[in-house]
Amino acid sequence: MTAGKIPAHSVCRAHNRELLNESAMPRPIHALIHTDALSHNLQRCRQAAGEARVWAVVKANAYGHGIERAYEGLRGADGFALLDLAEAQRIRQLGWRGPILLLEGVFDPRDLELCSRLGLWHTIHSDEQIHMLAGHKTLQPHKVFLKLNSGMHRLGFAPERFRAAYARLQALPQVEDIGLMTHFATADVAVPGTAAAWHAFQQATDELPGERSVCNSAALLRHPEIAEQTDWVRPGIALYGSSPDFPDHGIAHWQLQPTMSLRSELIAVRELQPGDAIGYGGTFTTERPLRVGIVACGYADGYPRVCPTGTPVLVGGHRSRTLGRVSMDMLAVDLTPETTQIPADFDTRVGTEITLWGRSSGGALLPIDEVAAAAGTLGYELMCALAQRVPTEVDGAEPLSAP
């Protein structure tokens, strides 16, 4: 650590102590949001997008990062895309005056009044939404994106109905501009579906005026040749340092950086003998002497209960593994040099830093995708599931280098 520099986790804990207004130390688990990494990932997406403009997708409270915490790192985007009107209001309150797009459009006619007041762009994917817009009284015509169902079969007009929907919108005085949108169902996997969906979109929109937007993170990174033919791209998960096509590619392949680090500490250390069982149900039994650490982190913090023995963690920046079942507030990790990558001379004691995902304070990397894969899920879910009880701070002090 550089002389005179206060570690980010110390800043976080000092802030928590101040909030408590007492001298007692808070529970050591905390999350850090890396602003520099958000900016880096946004720039990486911009490079892949060519001349296309970038919607920074901040739905689900910026994928669990917190819109207010993520805003500084993403304000270099050309626009913000989200689902929730309340989140759109928060973006405006932060001072954003550029475009904001409602990715699922409106759900009630009253939503259109707020769209008018906040200057929101919104998606049209159903006849009901066109009907609502036709009945809306506004002095400020709206900008909308008409969505095509190109194979996802969630939202959007079928190709044979797309032009009729476009004509209906074009005839409305409430509409100022119509963009054209779709969402690829298989851009994250190596199947030919994306090419077919792109062809369907081109056919359905041929010669129709309007800006095009089709690429999410996976399509943007895996198919930049498509992104280059559009006007807007919509990266989401790539902005937050998770690979959109893991395990085919990790974040290092896409030159992305982790934007959320979940860290805690050892709160107890045990020396176990062969035959000792660990945790609820005794699902892991030692076959050799093991040094085991207990970490202040559990499923009530958002760490998946289903993570099995062997889920990767960092102990003081060194790779190790979990042991036994994850409890509500605690989990066990292996501290034994012979069964982990922890050096024999590394002193594992109470207070040693544990990185559950992201970056250790020393810069070691544990991609969230690896932890999610062990739990049988995606990095998206882990980010969004971070519990409210976990103190979360913006880390603007630690410079992040590329993984």
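The paragraphs below take up a pair of helices and then some backbone angles.

This is a predicted model, in which local features need pLDDT of at least 70 and side-chain atom pairs count only at pLDDT 80 or more, while totals for chains, interfaces and linings use all residues. Residues are numbered from 1 along each chain as its sequence is written, and side-chain values use heavy atoms, with hydrogens and water left out.

Helix α7 spans residues 127–134 and helix α8 residues 159–170; helices here are DSSP runs of H or I with at least four residues, strands are runs of E with at least two, and both are numbered from the N terminus. The axes of α7 and α8 lie 11 Å apart at an angle of about 10 degrees. The two helices are therefore roughly parallel to each other (angles under 35 degrees count as such). On the α7 side the contact (heavy atoms within 4.5 Å) is made by D127, I130, H131 and L133, and on the α8 side by R161, A165, R168 and L169.

Two residues other than glycine have positive phi. A62, in helix α3 (residues 59–63), has phi near 55 degrees. At 0% relative accessibility, A62 counts as buried (under 20% relative accessible area, with a 1.4 Å probe and protein chains only). H153 has a phi of about 60 degrees and sits in the loop between β6 (142–148) and α8. With a relative accessible area of 63%, H153 is exposed (over 50%).

P247 belongs to the loop between β9 (232–233) and α12 (251–254).

Terms used. Axes are lines fitted to C-alpha atoms, for helices over the stretch in contact, and angles run from 0 to 180 degrees between N-to-C directions. Angles under 35 degrees count as roughly parallel, over 145 as roughly antiparallel, 65 to 115 as roughly perpendicular and the rest as oblique.
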